Amino acid sequence: MKIGILSRNPRLYSTRRLVEACKNRGHEVQVIDTLKCYMDITSSSPAVWYQGEKLEGFDAIIPRIGASVTQYGLAVIRQFEMMGAYTLTESIALGRSRDKLRSLQLLSRKSVGMPKTGFAHSVDNTKELIDLVGGAPLVIKLTEGTQGKGVVLAETRKAAESVIDAFRELEADILVQEFIKEAGGSDVRCLVIGKKVVAAMERTAAEGEFRSNLHRGGTAQLTKLTPDERATAVKAAQCMGLNIAGVDLLRSNRGPLVMEVNSSPGLEGIENSTNKDIANMIIEFIELNARPNNTKTRGKG
């Protein structure tokens, strides 16, 4: 097979591992810088160009699209879908997962467990927004944040009011969520491929920190999932339409709660924590599913 990986940096761990897996399984692979692609969208024969060459004959595309280039990345994925290439992460699924409000609305519609959540822009009734999620302590998030950036834990009502008012001055969209105390500063990252959780790790925040992101000094270890946790992770990924997803769960007194669904999950932490060859599993999934025009929207989403 001829496989393209949309990635801005071929030296990133996840990109390197996917390239290795492709080569080990006998496939031709090319890393393509998403932002350096340009497209012919007026022709009856849609095309993507890269470094002066027309990109043709790809059996599959693996999008590794960073949050900062989401919109252009979506356009490039759609173009490949219009050309008939199989895309591991489809454009419409990526768009859903990157829109935090939209993703939570989809999860809510399918009755997937999640923390009590409120959403607002220039809200005047700050106190009512806080009451909506059960009062302090609560977590306040900017909808554009990634890797724990733009996430604040407000331990008191007064602190929550101050943070919300500050974000309001930025003209920012914000999410407020209840703080799940019993999670103890830990969450569970479930790696879903297709309809199966293939690996899971428990991430624990560094001392004095409540965000468990590994980029912020958190630690990770292998964990065993309950059947309910497995089912919740798979359902969350399917709600987004994602073939591969990193589903972050909180262990609460009322069962697993989905915190976020990541459409471009990093492989380093979970491969090292679980000693599983996730990259190889991804390529194996592509081998089983990559056929021309085998995407739900074919670039129409």
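Reader: In this predicted model, which residue in S6 stands opposite Ile-5?

Author: Strand S1 covers residues 2–6, and S6 covers residues 60–63. These two strands pair in the parallel sense over four bridges. Within this pairing, the residue of S6 that stands opposite Ile-5 is Ile-62.

Reader: Is strand S1 largely enclosed by the rest of the structure or largely open?

Author: A residue counts as buried when its relative accessible area is under 20%. Four of the five residues of S1 are buried, so the strand is largely enclosed.

Reader: What is the handedness of the β-α-β crossover from S1 to S2?

Author: S1 and S2 (residues 28–32) run parallel and are joined by five bridges. In this pairing, Lys-2 stands opposite Glu-28. Between the two strands the chain passes through helix H1, residues 13–24, and the crossover is right-handed.

Reader: Is Ser-111 buried or exposed?

Author: Ser-111 lies in the loop between helix H4 and strand S8. Its phi is positive, about 60°, although Ser-111 is not a glycine. Most residues other than glycine have a negative phi. The cut-off for exposed is over 50%, and Ser-111 has a relative accessibility of 64%, so Ser-111 counts as exposed.

Reader: What is the relative accessibility of Asn-275?

Author: Asn-275 is found in the loop between helices H8 and H9. Asn-275 has a positive phi of about 60° and is not a glycine. Asn-275 counts as exposed because its relative accessibility is 72%.

Reader: What is omega for the peptide bond between Ala-136 and Pro-137?

Author: Pro-137 is placed in the loop between helix H5 and strand S9. Most peptide bonds are trans. The bond joining Ala-136 and Pro-137 is cis, with an omega of about -5°.

Technical notes
Residues are numbered from 1 along each chain as its sequence is written. This is a predicted model: local features need pLDDT of at least 70, side-chain atom pairs count only at pLDDT 80 or more; totals for chains, interfaces and linings use all residues. Side-chain values use heavy atoms; hydrogens and water are left out. Buried means under 20% relative accessible area, exposed over 50%, partly exposed in between (1.4 Å probe, protein chains only). Two strands pair if DSSP finds at least two bridges between them. A crossover is right-handed if, with the strands pointing away from the viewer, the path from the first strand over the helix to the second runs clockwise.
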